[in-house]
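Reader: I'd like to learn how to read a protein model feature by feature. Could you walk me through one?

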Amino acid sequence: MFVGIFLVFIILVWSLFRLKWRLVVSGSIVILMICAGIFIAYQEGILEIYELGGRGEEVNLRSYEPFRENSLAKSLDDDSGLTLQSDLPRLDGATALYPLYASFARATYPQADYDAYDQDSSVIVCSRTAGAFANLLDGKADIAFLAGVSEEQRKQVDELGWELVLTPIGKEAFVFFVNKKNSISNLAVQDVVGIYSGRINNWSQVGGNNKEILAYQRPETSGSQVRLREIIGDTPIVEAPEKDVFDEMMGMYMAVAYKNHKNALGYSFLYYIRDMIAENKIKFLSIDGVQPTAQNITGGTYPFAQDIYAVTIARPVATDVEKTRSDNTRRFLDWILSPQGQSLVEKTGYVPLP
């Protein structure tokens, strides 16, 4: 198509202009065509990556590994009140919480080369929400740092006769976001319910432009989808086409930020988008007129503020190593709730417990 358009323009130029202007105009057309081709190729590249359900890369977690040089994990201002040397609690969790529990480990675990705490194969890993809970259930992790657990996951623990323990360690906001070019800046709680139940499907129904709402979703086992279901309550969530369900949170973000400028709606946890991605391509929506600020999260005025958890399972302990690691896990959790631990919650970018 481009070749055909280019040839038509060249023929017109050579038939209408003298030689000097033929060269000038033809050169300008060539430059414009090249720029247009690059732009379209870029857009198609974005579409190709994220049309397939957002199987793109997540943020680079290696930069948060506890003892990597120039690690983004946060440090205490003074010596830690807890130091662990052996039989370390095995930590796993959601992507957005890895920087937090990496900071906890940086303060309390034995310092070593960063590869000793490789986030794929050490005692401090990030398997994302579903994987972390599976590792907790299988005895491969002692603590899973999660935004919550689903009813199905609770049933799995109950069926084994064990006790699921959710220890709140801080607070976070669940946020909905649109592209900055979207005219919408606020949704009511009932608007969110209406959109994800399929009752509201056009932005004009909530005060925006006459554009269909493309409401993206995550898989059922993701922490953000669990939270969405809690918000929607007993109202069934409308089933989304497979291409609009994103395995990776980064896929959902990229689709809203770059692909659908005016009609896409996404959701996540505030810290992940604001601090880990840290781009200026989207805007967070206020809910019932309340912004997801630290003050509104702490004060409980933001409707979708919630606790974040250190999740453990009370189960029989069989060996001396398991007993020691269980004791260390309890000490580690107590320390997280101490002023030092809570200071790292705040430094990382979450809201400490009141």
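Reader: What pLDDT does the protein average, and what percentage of the residues score at least 70?

Author: Happy to start there. pLDDT is the predictor's confidence in each residue, from 0 to 100. The protein averages 87, and 84% of the residues score at least 70. This is a predicted model, in which local features need pLDDT of at least 70 and side-chain atom pairs count only at pLDDT 80 or more, while totals for chains, interfaces and linings use all residues. Residues are numbered from 1 along each chain as its sequence is written, and side-chain values use heavy atoms, with hydrogens and water left out.

Reader: Where does pLDDT stay under 50?

Author: Over residues 38–56, for which the model has 30 contacts beyond four places in sequence. Contact means heavy atoms within 4.5 Å.

Reader: Next, the rings. How many aromatic pairs are there?

Author: A pair of aromatic rings is described by the distance of the centres and the angle of the planes. Here, rings of Phe, Tyr and Trp (its six-membered ring) pair if their centres lie within 6.5 Å; planes under 30 degrees apart count as stacked, over 60 as edge-to-face and the rest as tilted. By this rule there are 20 aromatic pairs. Y101 and F145 form a stacked one, at 4.8 Å centre to centre with 15 degrees between the planes. That pair links distant parts of the chain, 44 residues apart: Y101 is in helix α3 (residues 98–108) and F145 in strand β2 (residues 143–146). Helices (H or I, at least four residues) and strands (E, at least two) are DSSP runs, numbered from the N terminus.

Reader: Why does Y101 count as buried?

Author: Buried means under 20% relative accessible area, exposed over 50%, and partly exposed in between (1.4 Å probe, protein chains only). Y101 counts as buried because its relative accessibility is 0%. F145 is buried too, because its value is 1%. Both belong to a cluster linked by ring pairs, together with F67, Y98, F104, Y109, Y117, F332 and W335.

Reader: Which residues have the most contacts inside the largest nonpolar core?

Author: In soluble globular proteins, nonpolar side chains tend to be buried together. A nonpolar core is a set of buried Ala, Val, Leu, Ile, Met, Phe, Trp, Tyr and Cys residues joined through side-chain atoms within 4.5 Å. The largest has 99 residues, and those with the most contacts inside it are F104, F145, F176, Y196 and F332. Helix α8 (residues 249–259) gives the largest share of this core, nine residues. Leaving out residues up to four places away in sequence, F104 touches F145, I169, F332, W335, I336, G341, L344 and V345.

Reader: Now a strand. Which residues of β6 lie on one side and which on the other?

Author: In a regular strand the side chains alternate between the two faces of the sheet. For β6 (residues 264–269), six of its six residues are buried. A264, G266 and S268 lie on one side, with L265, Y267 and F269 on the other, and both faces are covered.

Reader: How many bridges join β3 to β6?

Author: Two strands pair if DSSP finds at least two bridges between them. Four bridges join β3 to β6, and these strands run antiparallel. V175 stands opposite S268 in β6. Strand β5 (residues 214–215) pairs with β6 in the parallel sense over two bridges, and A215 stands opposite L265.
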